[in-house]
Amino acid sequence: MEKTSEVLNGCIEKIKVSSAEIVVHGTKDKPYYEIKYRDLSDGQIHEGYSSYNLDYVFGWLEECFEIMHEKDADRMSISEQVKEMSSIQPNVFEKVKAENIEIVVHGTTEKPYYEIKYFDLSDKQYHIGYSSYDLDNVFRWKEEYFEIVNEAADTIETHPQSWRR
């Protein structure tokens with residue numbers, strides 16, 4: 001494995017951000033990773049530091065970014081989400097209607113942990129869940145449990161204060 005620092009070309013100064021996460025695009029057979037971050041210098045959300053190699057992207061996240069503060073987060077397991085949904089509508093399953101749905105990556109290069117981050121139109125909040133160490137499962141859940149209502153909407157800029165784990 002090539003050393004990540006050789007690819008980084010050294011970051012002269014870390015980018016100060018309020019949040020940064022790795023998002024997954026592409027397909028389960030050829031995932032493409034990039035860092036999505038809120039830069040404190042301009043308050044905007046940016047995407048970059050992209051690669052098909054997750055090792056590189058984890059390296060950039062560690063070497064090039066300084067998170068100035070993090071929000072407390074509660075993660076809800078899939079079984080808790082299903083239980084919550086079934087208590088609201090027993091024996092009826094309806095896909096989550098969502099704008100802006102992404103697969104984000106946490107963990108380490110050796111053991112990446114994938115989660116679905118989505119803006120739920122029913123409560124106008126961001127949620128993170130449907131999580132697994134197996135990327136195939138997360139792609140499958142994205143297809144099975146979500147209906148994308150307005151994929152082109154820039155809900156990150158519209159609702160940044162509503163992120164919730």
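Which residue forms a salt bridge with Lys 36, the closest N and O atoms being 2.4 Å apart? It's Glu 102, and the views below show that pair along with a few others. This is a predicted model, where local features need pLDDT of at least 70, side-chain atom pairs count only at pLDDT 80 or more, and totals for chains, interfaces and linings use all residues. Residues are numbered from 1 along each chain as its sequence is written, and side-chain values use heavy atoms, with hydrogens and water left out.

View A. Salt bridges (a side-chain nitrogen of Lys or Arg within 4 Å of a carboxyl oxygen of Asp or Glu) with shared partners put Lys 36, Glu 47 and Glu 102 in one network. Glu 102 sits in strand 5 (residues 96-107) and Lys 36 in strand 2, so their bridge ties together parts 66 residues apart in sequence. Strands here are DSSP E runs of at least two residues, numbered from the N terminus. The Lys 36–Glu 47 bridge comes in at 3.4 Å, N to O. Lys 36 is buried at 6% relative accessibility, and Glu 47 is partly exposed at 42%. (Buried is under 20% relative accessible area, exposed over 50%, partly exposed in between, with a 1.4 Å probe and protein chains only.)

**View B. Lys 117 meets Glu 21.** Their closest N and O atoms are 2.7 Å apart. Lys 117 is buried at 2%, and so is Glu 21 at 7%.

**View C. Around Ala 20.** Ala 20 belongs to strand 1 (residues 15-26). Beyond its neighbours within four places in sequence, its contacts (heavy atoms within 4.5 Å) include Tyr 37 and Leu 61.

Terms used
Helices (H or I, at least four residues) and strands (E, at least two) are DSSP runs, numbered from the N terminus.
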